[in-house]
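I opened this notebook to record what I looked up, entry by entry.

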Amino acid sequence: MLEPINVSLESLNLMTLAPMLIPIIGALLIITIDIIKGGLHKTLYVGLSLLFLLMDFGALLDASGVFAQNGTVMGVFDVMMIDGLAILSQFIIVGASMLFIPLALTHKRFHEFSYPEFFALFLFMIAGFQFMVATDNLILVFVGLETSSLALYTLIAMHNRDKSFEAAVKYFTMGALAAGFYSFGAMIFYALTGSVEINQIASVLTANKFEDMGFVLVAVVFMLASFGFKLSLVPFHTWAPDVYEGASAAMAGFMSIVPKIAAFIVVMRLFEFLVNSGVVWLEIVIYAFVVVTMTAANIWALIQTDVKRMLAYSSVSHAGFVMAAVLIGTTQANSALFLYWALFTFTNLGSFSMLWISRQKHLPAYQSSDHSYDKFAGMIQTAPMAAVIMAVFMLSLAGIPPFALFWGKVYMISSAVNADYKVLALIMALNSAIAGYYYLKLIVYMFMREPIVGSNGHVYVANATLSLKTIIGFAAIGTIFALIAVNPLLEFITSFVHASGF
Amino acid sequence: MFDHILSILIFFPALAGLFGFVIQKDSVRAYGVAVAAIEFALSLWLWYAFDANVSGMQFMEFLPLVPAFGINYILGVDGVSLFIIILASFFTMIGIASLSDTKNEKNMIITLLFLQMTMVGVFAALDAIVFYIFWELSLVPMLYIIGAWGGPLRIYASVKFFLYTFAGSLVMLVGMLFMAYYFYQATGTWSFAILDWYRLILPETFQLWLFVAFFIGFAIKVPMFPFHTWLPYAHGQAPTIGSVILAAILLKMGTYAFIRFSLPMFPDASVFFMFPIAVIAIIMIIYTAMVAYAQEDIKQVVAYSSISHMGVIILGTFALNVEGITGSVFLMIAHGVVSGALFLLVGVIYDRRHTKMMSEFGGLAQVMPRYATVFGLMLMASVGLPLTINFVGEFLSLLGFYKQSHILTLLAGVAIIVGAIYMLAAYKRMFFGNVTNEKNKNLPDVNTREWLALIPLAIITVWLGVYPKPVLEPINNSVESIVQLMHEKSITAEAKERIPNLIKDAEAATSAQEAH
């Protein structure tokens with residue numbers, strides 16, 4: 001006979017769900033409003049989304065206060081785990097989303113933003129990412145992963161261009177494959193250890209001293225493939241440039257930041273214990289992934305003729321660079337990952353937004369694609385302010401001091417140095433030099449070439465509105481004055497990462 | 001105000017550059033000259049307030065930037081950096097004043113002001129990361145100057161310049177991070193302060209690797225053979241002002257960094273690499289001198305001769321004694337003045353004829369006597385004629401290295417004769433003989449704006465050649481403390497022997513006097 005189980009509500013610790021529930025409630029509210037009165041303007045939905053994201057951010061601040069005092073909080077049958085990594089990554093997720101959502105207020109009208117579903121799906125997606133990072137449980141990770149991915153595919157397709165459909169279908173197919181790999185890998189881990197919680201898996205595997213190494217190998221291979229797709233590590237990156245090209249520039253910028261940080265968190269939780277417990281071949285495999293992803297993506301980026309595709313390859317390369325943190329696995333490396341990604345958020349979202357405000361609906365004859373390099377020729381003469389801002393973003397991506405990404409790079413390379421990865425540190429530095437070339441190429445076009453006859457500066461800001469300019473202003477200030485923010489950010493991140501035992 | 005004079009010197013031009021955006025574009029040159037003149041006056045004030053008897057750092061400033069990682073904003077000058085800072089502000093001033101008519105003049109002047117910020121910053125920084133920030137940032141304005149106002153191959157030249165230096169300095173950055181890590185291991189605190197690093201004594205193997213990492217960054221900047229290939233392109237394509245700043249100041253960053261970083265931090269590695277580097281320096285002197293002789297383009301002749309003289313600076317630096325290093329620092333200044341002036345002079349003729357081919361000229365001395373006089377003076381200085389500024393530096397550098405190796409010094413001396421040959425040959429082709437080309441018949445002589453730039457340079461060339469003491473003494477004091485530090489820090493017997501112990505020498509001298 002079954003005993004009735006008494007679970008006190010307090011032990012569930014439902015407050016751990018608050019940050020995820022806020023965007024879900026927001027999404028439901030948006031749908032409800034649409035049912036009651038349709039045809040409302042997009043500004044309403046942008047405003048509402050922003051409001052809920054702000055509340056989400058507030059809830060996170062609250063959670064970070066709790067964490068700073070009491071340490072890691074478990075909740076909802078110990079499925080939710082609010083530790084430092086979860087809080088830091090959610091800050092990045094919600095922060096980047098807040099920077100992204102006003103980009104919907106473009107000057108030109110775009111199909112997707114006229115649907116309230118776009119904003120509802122967007123908020124669902126945020127909740128999905130938040131679930132993904134705030135748990136130790138492989139099943140909840142899967143739920144979060146799928147919620148967010150399915151929403152993301154739809155958001156891409158809603159851009160309503162041929163290329164967007166192609167991109168969404170491509171992403172969907174690859175994503176489905178990755179999801180399959182993920183569930184298979186998780187299954188094997190469950191079979192090996194009888195648990196779907198990463199810390200349980202870790203303790204069981206360590207206790208029996210990895211005696212089923214063959215099965216661990218299979219599980220890890222599946223997991224690596226799955227997250228390789230999500231993080232667009234070479235050779236699983238093939239979807240990335242096409243999807244970035246097909247999606248709207250704003251969406252592409254979003255995709256280069258938020259889904260990746262969520263995936264990085266899971267990778268950190270899952271792989272770092274494996275690397276640190278002396279699974280040598282895994283260390284070698286990840287080493288190879290890091291080096292190949294950085295280098296190959298850089299070389300492909302060199303030959304692109306379209307700025308957006310170049311930025312796509314560049315963000316593949318940046319992902320490889322940051323993946324080094326998982327390999328190194330020290331507290332400093334993990335802190336560097338967050339520092340890098342927080343700074344990368346500003347810079348990369350800024351540069352994609354610059355593409356977004358120059359979005360054309362009809363291509364002139366001399367342009368082969370929407371953001372070809374030619375389009376930016378002589379921009380300094382026709383739109384000097386925009387050219388300077390774009391150049392700052394490019395210099396930051398290249399790692400020129402004192403702009404934002406330089407600090408991330410220095411800290412990351414330093415963590416490699418400190419963990420005695422001498423060769424890796426050198427490879428990372430030299431890759432930054434290779435990457436310098438293609439960022440420079442855009443600067444060369446903007447500053448040193450003559451403008452195409454008949455182009456006035458209007459094309460570069462054709463899509464701009466006050467809210468878009470504000471976002472770019474935020475990104476530019478964040479990029480230029482990162483110097484001031486680095487120290488508080490570093491101390492905050494390091495204390496959180498350290499307190500969660502990474 | 002003296003407390004923050006270095007910060008003012010660094011950020012005043014940048015701030016003024018920002019304000020420059022609102023100035024109407026026909027008036028911007030006057031604005032630029034005014035700003036650069038104020039900056040120059042401030043740098044002279046720095047010299048006035050500088051205590052020449054103190055060998056250590058002066059006007060130190062400290063501001064925490066990223067204390068969690070040991071990065072602080074630390075500034076300071078000693079005798080080595082003081083005069084290069086003055087030189088930088090001086091050349092920016094006369095560069096802007098003598099700027100010939102360029103398109104987008106406003107962008108050019110604002111860019112120059114930003115460039116000035118980075119130049120002063122590099123020489124005043126005493127924190128490795130701050131140094132690195134200015135070092136890298138200086139590439140950006142130069143990239144723009146070459147790429148936007150250069151000749152037909154300007155984009156290739158500017159990108160090559162940027163990528164070459166960028167790649168080298170990233171290796172240097174890894175070296176810096178290693179250095180900070182060793183410092184952390186030794187002391188338990190993070191620090192990128194150069195003066196802290198001076199105190200750290202490293203095992204020889206570590207020194208060797210770190211020396212190589214820093215060397216790659218610096219050698220590309222100098223540029224040393226075989227990393228010099230970017231420089232002829234950069235000079236060949238750059239506008240006059242770009243070449244002047246590049247030759248006079250930017251190249252000095254590399255040689256200055258050797259003295260600031262490599263020598264005091266890695267004394268044993270410096271001794272270990274002394275002869276290989278000296279050989280490279282001599283190859284650089286002889287080879288580029290021969291290449292210069294083969295050039296048809298007068299600007300390329302000046303460019304290669306500039307590389308050749310940088311070889312003498314390197315040779316002096318790696319003499320590792322007071323004479324050699326003092327001489328090389330002095331030669332940095334001399335080389336800045338002379339090669340800057342030569343590039344300005346090439347610019348003068350280029351503005352008139354829009355060609356730099358020597359075959360186009362001939363007999364210019366009859367048409368432009370004043371021009372020929374100044375050119376002749378600078379050329380003699382470049383060759384190293386006694387009583388000109390270059391002679392003092394070259395003589396001391398070679399004297400310093402003579403103490404280490406007689407043969408190599410002799411070779412370097414021969415190379416200087418080659419230098420005289422190609423320079424005089426070029427002068428002969430351009431200025432002597434009859435005017436053969438019709439286009440040269442009616443060339444106007446040097447105008448007021450050009451005099452404004454050339455006269456001060458000519459005065460300095462002769463003045464410091466005849467009486468170098470006011471500059472030489474502060475340099476000498478600071479160099480002595482560096483050499484003494486190197487001697488005390490070195491661990492191998494060979495290094496102890498090669499790097500003189502000044503205190504012991506001084507004691508020996510006084511005791512010898514007492515014995516008399």
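I take helices (H or I, at least four residues) and strands (E, at least two) as DSSP runs, numbered from the N terminus. The model is predicted, and I required pLDDT of at least 70 for local features and 80 or more for side-chain atom pairs, while totals for chains, interfaces and linings use all residues. Residues are numbered from 1 along each chain as its sequence is written, with chains lettered from A and ligands numbered from 1 in the order in which they are written.

Entry: positive phi. I looked up B:Asn104 in the loop between α3 (79-97) and α4 (105-124) of chain B. Its phi is positive, about 50°, although B:Asn104 is not a glycine. For burial I count other C-beta atoms, placed from the backbone, within 10 Å of a residue's own: 20 or more is buried, 12 or fewer is exposed, and in between is partly exposed. B:Asn104 counts as partly exposed because it has 14 C-beta neighbours inside 10 Å. I then turned to B:His354, in the loop between α15 (322-353) and α16 (364-367) of chain B. B:His354, also not a glycine, has a positive phi near 55°. With 8 other C-beta atoms within 10 Å, B:His354 is therefore exposed.

Entry: cis peptide bonds. A:Pro235 is in the loop between α9 (213-231) and α10 (239-246) of chain A. In chain B, the bond from B:Phe225 to B:Pro226 is cis, with omega near 0°, and B:Pro226 belongs to the loop between α9 (204-221) and α10 (230-237) of chain B.

Entry: Strands β1 (residues 58-66) and β2 (residues 71-77) of chain B pair in the antiparallel sense over six bridges; I count strands as paired if DSSP finds at least two bridges between them. Opposite B:Val66 I find B:Ile71 in β2(B). Four residues separate the strands of this hairpin, and B:Gly70 in the turn has a positive phi of about 75°.

Entry: helix packing in chain A. I looked up α7 (residues 162-193) and α10(A), which pack at an angle of about 145° with axes 8 Å apart. The axes are lines fitted to C-alpha atoms, for helices over the stretch in contact, and angles run from 0 to 180 degrees between N-to-C directions.

Entry: Which parts of chain B touch chain A? I noted 27 residues of chain B in contact with 26 residues of chain A. On the chain B side, β1, α5 (128-137), α6 (139-149) and α7 (154-187) each supply at least two residues. The largest share, 14 residues, comes from α7(B).

Entry: A:Ala324. Leaving aside neighbours within four places in sequence, I find A:Ala324 in contact with A:Val290, A:Met412, A:Ala416, A:Leu424 and A:Met428.

Conventions: Contact = placed C-beta atoms within 7 Å.
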